[in-house]
Amino acid sequence: FFAQNKLKKIAAAGGPAMSLCDVCGGFGGSWNRGNVIIFSPGSGGGVAIQRIAAAGGIPADVTRTKGNYKFPVFLPDGRHFLYEVSQESPDRDGIYLSSLDGSENQRVLPDVSSVVFAPPSGSRIGHLLFIRENNLMAQPIDAGSTQIVGDAFPVAGEAVFNGADLAPITVSETGVLLHISGGGFRSSQIVWLDRAGKLLGLVAGPGNLIDPSI
């Protein structure tokens, strides 16, 4: 996770957080089974997707070019990954496939959206999940060859971004999908709860409130 201009990690069981490196903001990251973390250190025209060991160290650029690159996510082989390019030009914006050694880099979809990989079920064909024109879409992809297969198709309507092209989608290894639906941001209320879920109090008034942080 990103906090205080640092990329950090914390054990799932709890304990102190460990800082891995400095970042200027942080727009998404992914951690493979080989303990390599890839991440976007910030949003802007001069950012490359970077890699760092899960133990920490000095980050290194993975993509050979720089731009407004965000939301990298590993594919199952732990070598290939996807990321989003935005605000470059219509013929450059989209979802890209690259590799840790930098030998591959190609645009696979023209959509400006973060992307989630849904693993195959009984075959080599997985799916890329993303948002296109307020629809949650699925694009078949061969998980072995990392090649796009066939056409994208809608999974659900009224899908919304959670700001900055971030598609609020997640999928489990068993294929269970969770996503936020609706025609746009809805009024929300920040509240204090105790660890048992009991309401302790309200924070300010309701509104378009996102990403609270203590």
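Here is a friendly conversation about a predicted model, in which each label is set against its definition.

Reader: Let's start with T146. Why is T146 called buried?

Author: Buried means under 20% relative accessible area. T146 has a relative accessibility of 6%, so T146 counts as buried.

Reader: Where is T146 found, and what is T146 in contact with?

Author: T146 sits in the loop between β14 and β15. Apart from neighbours within four places in sequence, T146 is in contact with L75, H80, L97 and I141.

Reader: What about P41: is P41 buried or exposed?

Author: The cut-off for buried is under 20%. P41 has a relative accessible area of 12%, so P41 is buried. You will find P41 in the loop between β5 (36-39) and β6 (50-53).

Reader: Which residues is P41 in contact with?

Author: Setting aside the neighbours within four places in sequence, the contacts of P41 are V23, C24, G25, G26, V47, A48 and Q50.

Reader: Now for strands. What makes strand β8 mostly covered?

Author: Count the buried residues: in β8 (residues 69-74), six of six are buried.

Reader: How do you know that β8 and β9 pair?

Author: Two strands pair if there are at least two bridges between them. β8 and strand β9 (residues 80-85) have four bridges, in the antiparallel sense. As one example, Y69 has V85 in β9 as its bridge partner. The two strands form a hairpin with five residues between them, and G78 in the turn has a positive phi of about 75 degrees.

Reader: How do you know that β14 and β15 pair?

Author: The same test is used: at least two bridges are needed. Strand β14 (residues 135-142) is joined to β15 by four bridges, and the two run antiparallel. Across this pairing, L136 stands opposite A156 in β15.

Reader: On to charges. Why is the contact of D61 with K66 called a salt bridge?

Author: The cut-off is a side-chain nitrogen of Lys or Arg within 4 Å of a carboxyl oxygen of Asp or Glu. For D61 and K66 the N to O distance is 3.9 Å, and their side chains meet in a salt bridge.

Reader: What makes R132 and D111 a salt bridge?

Author: Their closest N and O atoms are 2.7 Å apart, and the limit is 4 Å. R132 lies in strand β13 (residues 125-132) and D111 in the loop between β11 (105-109) and β12, so this pair ties together parts that are 21 residues apart in sequence. R132 has a relative accessible area of 26% and is therefore partly exposed, while D111, at 10%, counts as buried.

Reader: How many salt bridges does the structure hold?

Author: The structure holds eight. Salt bridges also link R79, D101 and E104 in a network.

Reader: Last one: what makes the nonpolar surface patch, and why can L193 be part of the patch?

Author: V191, L193, L199 and L202 make the patch, which covers about 370 Å². A patch residue needs over 30% relative accessible area. L193 has 48%, so L193 passes that cut-off and is partly exposed. L193 lies in strand β18, and β18 (188-193) and β19 (199-207) each supply at least two residues of the patch.

Note on methods: Residues numbered from 1 in each chain as written. Predicted model: local features only at pLDDT ≥ 70, side-chain atom pairs only at ≥ 80, totals over all residues. Heavy atoms only, no water. Patch = residues over 30% accessible without salt bridge, like charges linked within 9 Å, V, L, I, M, F, W, Y side chains within 5 Å. Areas by Shrake-Rupley, 256 points an atom, 1.4 Å probe, with all protein chains shown as cover. Buried < 20%, exposed > 50% of the residue type's maximum accessible area, 1.4 Å probe, protein only. Contact = heavy atoms within 4.5 Å.
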